[in-house]
Amino acid sequence: MNDASALYDVVVIGGGPAGLAAAIALARTGANTALIARRAPYADNRTTALLGGSVDLLQQLGVWPLCIDQAAALLAMRLVDDTGRLVRAPEVTFSSDEIGLDQFGYNIENRTLMMALEQRAAELANLTRIDDGADTIRPADAEVAIRTRQGRSLSARLVVGADGRQSLCREAAGIEVRRRDLNQAAVTFNIGHSRPHRNISTEFHTPQGPCVFVPLPDDRCSVVWVAASEQTERLMALTDDELSEAAEKQSHSILGRIRVEPGRHLFPLAIEQPRLLARHRVALVGEAAHVLPPIGAQGLNMGLRDAAGIADIVREATLSGEDPGSTQVLDRYSSARRADVRSRTFVIDMANRSLLSDFVPIQLLRAAGLHLIGAIGPLRRIAMREGLAPSWRTSPTSRSVMETPAVRSE
Ligand SMILES: Cc1cc2nc3c(=O)[nH]c(=O)nc-3n(C[C@H](O)[C@H](O)[C@H](O)COP(=O)(O)OP(=O)(O)OC[C@H]3O[C@@H](n4cnc5c(N)ncnc54)[C@H](O)[C@@H]3O)c2cc1C
């Protein structure tokens, strides 16, 4: 399998969480799979709120048992209007038991999730790990030729582009991307606190964006503080004591005394939408396929649905003797994923714009919408279910991966 000139069924390029999950899911279909990704320690302190079918998928891939003991269950989500404006939305709490769930999902440090994904990937015999970066990717009629930075050549019938925002795979397939910088950024850091979080995630909506406190195991939370770029620069420049004080003030002391843990990171925010999700034997997953602001914890949850979607489609194609990189197979992937990606990008964009807007009618609309959701049970339950995963998924195949827990054998 490590022959330099090998032809693989699928080569996944990029070893972030979406790429690793896709590589594991694809290898489990029986496809002869390679993953081109540099092995490097995970470099930031982000966490992921894994919602809806994401935990089922990780369970099915054999990843979840390796990290569940380091994740915190999310039982409720609280939205608090902290804009200080004349028109304010009422506070809304979503409780998982209201829709018959024990929890909405789990919050986990990306570093921990990545270690579990790496460990599982190393166990699969038909997944070849190439510890390198892709240098050139040349799609042709029958296969894609790939050359790595260290000069290794290989080819694939299908390339899965999981190489993030500056995707070389996307460029090689000639897929254009629409990008909009938001002039907002997110500061991420973790905290210890003196009062228990009771597994409730609390989102304070400020006029510059949301500031979210998401439970971690014990008396700890991860914080994602979205604000205008100048404000986030100021937050980054504070000492740990000053940031602890600022976070305590922003949280209205609901978590008691706050102590910021060492290490914080800054993420400039943008929305990126490629015009196509697949072309010329290349299918995009994760941030190569969609970049959203971190509102409503949608990014990686969508990336995991991409991973499940491409694996299901490749499995079906293989069973029916089809070429996994053919135009028909890529079209099936695009139509299975397009509506989810577009609708979520639209909703998150609108939620962000309505929060930032100084236009009173927009503020009234937002407040009325949240009032209705807070007051009308059935509406609130629809909002909760849609926030977890799209109810109308178009592909029966991706439904099978995401909704049937751990049924397939290796
Ligand atoms: C502040 C913040 C909070 C977030 N919180 C949540 C949350 O709670 N829930 C959620 O679902 N999502 C969340 N997200 C989104 C989530 O973090 C991203 O969707 C996710 O990390 C993207 O993973 P990825 O694997 O697609 O991309 P990346 O993690 O960027 O991985 C891409 C990988 O490809 C590699 N690569 C690039 N080029 C090449 C090449 N030529 N060859 C080989 N490898 C290459 C890169 O080195 C990198 O390792 C958040 C995002 C932010 C900014």
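This is a predicted model: local features need pLDDT of at least 70, side-chain atom pairs count only at pLDDT 80 or more; totals for chains, interfaces and linings use all residues.
## Around the ligand

Let's start with the ligand and its neighbours. The shell around the ligand holds 30 residues, and those that come nearest are A49, A134, E287, L300 and N301.

## Polar atoms and cover

A49, one of the nearest residues, has a polar backbone atom 2.9 Å from an oxygen atom of the ligand. The backbone of P17 also places a polar atom 3.3 Å from a ligand oxygen. With R149 the side chain is involved: one of its N or O atoms is 3.3 Å from a nitrogen atom of the ligand.

On its own, the ligand has 1,000 Å² of accessible area, and the protein covers 82% of this.

Now for helix 6, which spans residues 240-250 and has L243, S244, A247, E248 and Q250 buried. Viewed down the helix axis, the buried residues of helix 6 line one face, because they fall within an arc of 160°. On the other side of helix 6, D241, E245 and K249 are exposed.

## What helix 6 packs against

The buried residues of helix 6 have several packing partners. The strands are strand 12, strand 13 (200-206), strand 14 (209-216), strand 15 (220-228) and strand 16 (258-260), and helix 5 (229-237) joins them.

Just after helix 6 comes a backbone detail worth a look: H252 takes a positive phi of about 55°.

Note on methods
Residues are numbered from 1 along each chain as its sequence is written. Side-chain values use heavy atoms; hydrogens and water are left out. A residue is near a molecule or strand if one of its heavy atoms lies within 4 Å of it. A polar contact is a pair of N or O atoms within 3.5 Å; within protein, one must be able to donate a hydrogen and the other to accept it, and residues adjacent in sequence count only if both atoms are side-chain atoms. Accessible areas come from the Shrake-Rupley method with a 1.4 Å probe; for residues, only the protein chains shown count as cover. Buried means under 20% relative accessible area, exposed over 50%, partly exposed in between (1.4 Å probe, protein chains only). Helices (H or I, at least four residues) and strands (E, at least two) are DSSP runs, numbered from the N terminus. The arc is that of the directions from the helix axis to the C-beta atoms. Contact means heavy atoms within 4.5 Å.
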